[in-house]
Amino acid sequence: MADTVICYRDGALHLERLAPPTPRAGEVRYHVLAFALNRSELLFMDDRHYVPRRDGVRLGYEACGVVDAVGPGVTGFAVGDRVSSIPFANDTYGVNGSWAVTPAEWLAPWPASLDAAEGCSAWMQYLTAYFPLFELTPVEPGEVVLVSAASSSAAIGACQLARSRGAHVIGLTRRSTKSAGLLALGYDAVIATDEIEDLARAIRDAAGGRPVRLSYDAVCGDLVARYASALAPGATIYAYGNLSGDSEVRLPLIAGVRGDLRLHAYSTPNFSHDPVQRARAVAVIAPMLASGRLRPVIDQRFAFADWRDAYVRLRSGEQVGKVVVTL
């Protein structure tokens with residue numbers, strides 16, 4: 001028997017002891033050494049996720065561990081291998097607990113250069129940012145990438161990837177209390193949106209004449225209206241979250257037309273579910289992880305006994321980087 005985190009129809013979480021199943025064809029079972037929490041889990045708990053909340057669902061997208069069994073037909077992994085799960089939109093393969101079963105096609109090697117907390121924290125943040133920054137609107141050296149919710153793991157991952165391509169990255173955060181820490185993590189400029197009236201002007205000043213051709217926005221709502229006029233002609237706004245709590249994006253028509261702006265409602269699974277596209281992304285990200293060019297930032301590590309405190313930390317919004325539970 002092993003412990004797993006289960007979400008019920010009322011949104012309540014419970015730790016339950018379940019027998020690890022024998023992996024079926026194409027599946028891999030592994031002992032989990034760490035799992036990372038994601039805001040999408042909070043949305044699921046609150047029944048605000050695009051996957052409707054069901055009763056008795058195991059939570060979790062990201063974990064790393066050591067393989068202890070493989071199902072028929074699995075050739076890429078063997079007992080004893082170190083693996084990390086690649087997140088995908090399927091609520092039948094939760095990984096938060098002391099064991100996990102994942103289809104082999106959604107696993108990647110866990111590099112020796114990363115410890116367990118880092119090993120379980122890589123794929124959501126880097127895969128989410130990869131497609132906008134590398135394939136959909138490839139970032140060029142000298143361009144500016146605008147990143148909202150700058151202290152989130154997804155934003156920090158985007159910052160690292162954008163800088164790997166020579167881009168200048170401006171981070172948006174609500175309060176300046178996080179600014180120094182974010183600058184230390186690699187942002188070229190940080191703007192506290194709650195403390196400034198003319199956000200568009202602040203962005204133009206921070207860009208220093210460089211074109212702002214891509215916005216990677218997890219906040220959306222009214223924030224887009226505040227910065228839209230600072231974007232370069234033909235810029236794309238990748239709206240991949242609604243941390244504002246508003247399910248609508250306010251893109252002013254005049255600013256949008258004058259700037260020939262594109263609004264792209266973006267979700268990673270729309271691209272990563274294509275095995276060819278996913279393989280391309282993994283082929284780029286995996287070597288950067290192994291070499292240390294990409295390194296997940298960990299906010300706080302919680303022992304498994306304190307897993308509820310980890311969710312409290314996640315919901316607080318005060319974290320910088322990933323909230324992780326280690327076993």
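This is a predicted model: local features need pLDDT of at least 70, side-chain atom pairs count only at pLDDT 80 or more; totals for chains, interfaces and linings use all residues.
User: Nice. How do you know that the span of helix 10 is close to the one expected?

Analyst: Let's set the value beside the rule. Helix 10 covers residues 275-291, which is 17 residues. The expected span is 1.5 Å times one less than the number of residues, and for helix 10 that comes to 24 Å. The distance from its first C-alpha to its last reaches 24 Å, so by this rule the span is close to expectation.

User: What makes D274 a cap for helix 10?

Analyst: A side-chain oxygen of D274 lies 2.9 Å from the backbone nitrogen of V276, at the N-terminal end of the helix. The cut-off for a polar contact is 3.5 Å between N or O atoms, so a pair at 2.9 Å falls within it. After helix 10 comes G292, whose phi is positive, near 90°.

User: Let's move to S85. Why is S85 called buried?

Analyst: Its relative accessibility is 3%, and buried means under 20%, so S85 counts as buried. You will find S85 in strand 6 (residues 82-85).

User: How do you know that the side chain of S85 makes polar contacts with backbone atoms of Y61 and A63?

Analyst: By distance. The side chain of S85 reaches the backbone oxygen of Y61 at 3.0 Å, and one of its polar atoms lies 2.9 Å from the backbone nitrogen of A63. With a cut-off of 3.5 Å, both pairs qualify as polar contacts. Among the residues that S85 touches are also Y30, V95, T102 and W106.

User: And the sheet: why are strand 11 and strand 14 called edge strands?

Analyst: Six strands form an open sheet in the order 11-10-9-12-13-14, with parallel pairing. Strand 11 (189-192) and strand 14 (262-265) each pair on one side only, which makes them the edge strands.

User: What makes strand 10 and strand 11 a pair?

Analyst: Pairing needs at least two bridges. Strand 10 (residues 168-173) and strand 11 have four bridges in the parallel sense, so they pair.

User: Which strands does helix 6 touch?

Analyst: Helix 6 (residues 199-207) packs on the sheet and touches strand 9 (144-147), strand 10, strand 11 and strand 12. The direction of helix 6 makes about 150° with that of strand 10.

Methods. Residues are numbered from 1 along each chain as its sequence is written. Side-chain values use heavy atoms; hydrogens and water are left out. Helices (H or I, at least four residues) and strands (E, at least two) are DSSP runs, numbered from the N terminus. Contact means heavy atoms within 4.5 Å. Axes are lines fitted to C-alpha atoms, for helices over the stretch in contact, and angles run from 0 to 180 degrees between N-to-C directions. Buried means under 20% relative accessible area, exposed over 50%, partly exposed in between (1.4 Å probe, protein chains only). A polar contact is a pair of N or O atoms within 3.5 Å; within protein, one must be able to donate a hydrogen and the other to accept it, and residues adjacent in sequence count only if both atoms are side-chain atoms. Lists of a residue's contacts leave out its neighbours within four places in sequence.
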